[in-house]
Amino acid sequence: MNGPSAPGRRLPRSLRRGAAAVVPVALAATALTAVGTPAHAGEQPRKPSYPVGGVADGVRNFLLSPNAVTGVNDWSCKPSAEHPNPVVLVHGTGVNLGANWVKMGPTLANEGHCVYAFNYGMGSPFNFGGRVGALTGIAKSAETMSGFVDKVLASTGAKKVSVLGHSQGGMMPNYYIKRLGGAKKVDRLVALAPTNHGTTLSGLTNLGHALGLMGLVNGAFDHLNLQGLKDQEDGSDFQKALFADGDTVPGVRYTVIATKHDRVSTPYSQGFLKGDNVRNVVVQDQCPKNPVGHIGLFADGPTTQDVVNALGADKPDFKPSCEDYGPPF
């Protein structure tokens, strides 16, 4: 070929000069695009924009990403004046941080919070390769939480954290707060369908007691290192000891969010707390048609809005938009 692109043929000198001038400009433009355009003086830094997941993402993360979720555990994050307290997420029984927080983790990060999460209670033989957590004793799990909170405070320079937990993850932090010195380090505790005061598991524990089987069941839980299940039973020694001196401690603000369609933490009202600085919310009082169940709260639109409010403006009369309901299980 004899065209201008034939191998070995040199470009005219004028074109070579033009190319030499264009390349540095293109590289500079690429560099600016990569690092982002800096904010002008006086402008607020732009909030991040992380993709928010749903139920399908939770299932996928349970299997493929049990230790990570979008927008969570950015150890370079520094709290803002608007959100000075980092948020620590505490997953529920039988799941992991990757599955439990696919919606609320990135949502809170997009709101400007520094968000962190950890896995715990993985010491049983049923942890499915680190995917099924919160099965072992709750007191030991609270020690894991204590170490993690200290790590978050050291990394961010914050004085306190706020805590968001689901199911056992909403109850276990009470042990950390009341028994491990967490009251000085926690500003707010937001609990989704927590197993405070224990659960009857839709009456199964009552049936077990009536049949005289609970001793055998609890013995098996101890043998298999599943004490976290035993600790959450209605009337357990753990529950009696934890709340014997009252539900709350001074200085911490509490929000409990429950659903009437709960079949796991039952009766649902048993998760409510009594004391100063407590707000107990039933999602159906806000959105009567909301079918969301115990597990489904992790992906429920109104619940997510309630969480953003509780960890932000904290308006006592807040009403969420009744849309994007979570699943009924």
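This is a predicted model: local features need pLDDT of at least 70, side-chain atom pairs count only at pLDDT 80 or more; totals for chains, interfaces and linings use all residues.
**Helix α8**
- Helix α8 spans residues 214-223, and its buried residues are M214, N218 and F221.
- These three sit on the same side of α8, because they cover an arc of only 50° around the axis.
- An α-helix has 3.6 residues a turn, so residues three or four places apart point the same way.
- On the other side of α8 you will find G215, L216 and H223, which are exposed.
- After α8 comes N225, with a positive phi near 60°.

**The largest pocket**
- The volume of the largest pocket is about 640 Å³.
- Its lining is made up of 28 residues, and T93, G94, V264, H294 and I295 are the closest to the centre.
- Helices α2 (55-64), α3 (97-100), α7 and α8 each give two or more residues to this lining.
- The largest share comes from α2, with four residues.
- By residue type, the lining divides into 15 nonpolar, twelve polar and one charged.

- V283 belongs to helix α11, which covers residues 283-286.
- V283 counts as buried because its relative accessibility is 0%, and the cut-off for buried is under 20%.
- Leaving aside residues up to four places away in sequence, V283 touches I257, A258, T259, N290, V292, T303 and D306.
- I257 lies 26 residues from V283 in sequence, yet their C-alpha atoms are 6.9 Å apart in space.

Key
Residues are numbered from 1 along each chain as its sequence is written. Side-chain values use heavy atoms; hydrogens and water are left out. Buried means under 20% relative accessible area, exposed over 50%, partly exposed in between (1.4 Å probe, protein chains only). Contact means heavy atoms within 4.5 Å. The arc is that of the directions from the helix axis to the C-beta atoms. On a 1 Å grid over the protein atoms alone, a cavity is a set of points where a 1.4 Å probe fits but cannot get out, and a pocket is an open set with protein on both sides within 12 Å along at least five of seven lines; lining residues have an atom within 4 Å of a point. Grid points are joined across faces, edges and corners, and a volume is the space filled by probe spheres set on the points. Ala, Val, Leu, Ile, Met, Phe, Trp, Tyr, Cys and Pro count as nonpolar, Asp, Glu, Lys and Arg as charged, and the others, Gly among them, as polar.
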